[in-house]
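My entries follow in the order I looked things up.

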Amino acid sequence: MQGQRLLAVFMALWMALLPASVMAGPQVVTPIADITEQHKGKFFTVQGEITSARVFRSGMRYTVRDDSGPITLVMFDRALRQFRKPELLAEGAVVRAYGKIDFYRKEKQIVPVRGSDVVIVTPTVALDVTPIISITAADDEKRVRVVGQVVEAQAFSAGFKFTMRDASG
C-alpha cells in the first residue's frame with residue numbers, strides 16, 4: 001500500500017517536471033497561425049499541404065499551409081536521408097510534421113530532428129498529362145503535369161528555367 005502511494009507521488013512529480021511538449025508528444029496538431037516568435041525553440045506539430053518545395057545547400061525547404069497560414073518545413077539532409085520516400089514530399093501532399101520552431105529572416109519554420117518526425121497524411125494526387133498547347137493564362141497558379149523534351153535551359157538567380165516541347169507544341 002505504501003509502495004503504491006510512493007509510486008503515485010513519484011509519478012505525479014515526474015509528470016510535473018516534464019516539459020509540456022514532451023507530455024503532449026507529436027500528436028497534438030497546432031494551427032500554424034498560433035505559432036509566434038515566443039515559441040522559438042519549442043517543439044510543435046503542424047499539419048498542412050505542401051504548396052512549394054525548394055532546394056538549399058543543406059537540404060530542402062517546403063512551404064506547408066493549413067487553413068490558418070504557411071510555415072516553412074526545413075528538412076536538413078540527415079532528416080531527408082532518414083525519410084523513406086522523399087519523392088513523396090511534393091506539392092499537393094498533406095504532411096504532419098513535428099519539430100523545433102525557428103525563425104529565419106522573420107520566416108516561421110519548423111525543423112524536424114529525424115525523418116520519422118514527418119508523416120505523409122495524404123499523398124499528392126497523380127495528375128493526368130496536359131498537352132503543352134492547351135495550357136493557357138487560366139491555368140496560372142494551377143498544377144499541371146507535362147511530358148516532353150527539354151529544349152532549352154537557362155540559369156537565373158533562384159534556379160533554372162526550362163523550355164519544353166511535346167507533340168502538341
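Where does T30 lie? I found T30 in the loop between helix 2 (20-24) and strand 1 (43-56). I kept in mind that this is a predicted model.

**Entry: T30.** Next I checked burial. T30 counts as buried because its relative accessibility is 14%, and the cut-off for buried is under 20%. I then listed its contacts, leaving aside neighbours within four places in sequence. T30 is in contact with I35, F44, T45, V46 and D66.

**Entry: the whole chain.** I stepped back to the fold. The protein chain has three helices and eight strands. Along the sequence I read the pattern α-α-β-β-β-α-β-β-β-β-β. The chain has 169 residues, of which 27% count as buried. For contacts with a separation of 6 or more, residues 24 or more positions apart account for 50%.

**Entry: the core.** Which residues touch the most other members of the largest nonpolar core? They are Y62, I71, L73, M75, L89 and V118, in a core of 22 residues. I noted the elements that give two or more residues to this core: strand 1, strand 2 (59-66), strand 3 (69-76), helix 3 (77-82) and strand 4. Strand 4 provides the largest share, four residues.

I followed I71 further. Not counting residues up to four places away in sequence, I71 touches I32, I35, V46, Y62, T63, V64, I101, K108, Q109 and I110. I35 and V46 were already in my notes as contacts of T30.

**Entry: salt bridges.** How many salt bridges are there? I counted three. Side chains of opposite charge can pair when their charged atoms come close.

I took D102 and K40 to begin with. Their side chains meet in a salt bridge at 3.8 Å, N to O. This pair links distant parts of the chain: D102 is in strand 4 (residues 94-104), K40 is in the loop between helix 2 and strand 1, and 62 residues separate them. D102 counts as partly exposed, at 28% relative accessibility.

Then I turned to R54 and E107. They form a salt bridge, with the closest N and O atoms 3.6 Å apart. R54 lies in strand 1 and E107 in strand 5 (residues 107-111), so this pair ties together parts that are 53 residues apart in sequence. R54 is partly exposed at 33% relative accessible area. E107 is partly exposed as well, at 28%.

I finished with R114 and D117. Their closest N and O atoms are 3.4 Å apart, in a salt bridge. D117 is buried, at 11%.

**Entry: aromatic rings.** I searched the whole structure and got two aromatic pairs. I looked at F56 and F76. Their ring centres are 5.7 Å apart and their planes stand at 70°, so the pair is edge-to-face. F56 sits in strand 1 and F76 in strand 3, 20 residues apart. F56 counts as buried at 16% relative accessibility, whereas F76 counts as partly exposed at 39%.

What lies over the face of F56? I found R61 there, at 4.0 Å from the ring centre.

How values were computed:
Residues are numbered from 1 along each chain as its sequence is written. This is a predicted model: local features need pLDDT of at least 70, side-chain atom pairs count only at pLDDT 80 or more; totals for chains, interfaces and linings use all residues. Side-chain values use heavy atoms; hydrogens and water are left out. Buried means under 20% relative accessible area, exposed over 50%, partly exposed in between (1.4 Å probe, protein chains only). Contact means heavy atoms within 4.5 Å. A salt bridge is a side-chain nitrogen of Lys or Arg within 4 Å of a carboxyl oxygen of Asp or Glu. A nonpolar core is a set of buried Ala, Val, Leu, Ile, Met, Phe, Trp, Tyr and Cys residues joined through side-chain atoms within 4.5 Å. Rings of Phe, Tyr and Trp (its six-membered ring) pair if their centres lie within 6.5 Å; planes under 30 degrees apart count as stacked, over 60 as edge-to-face and the rest as tilted. A charge sits over a ring if NZ of Lys or CZ of Arg is within 6 Å of the ring centre and within 35 degrees of the ring normal.
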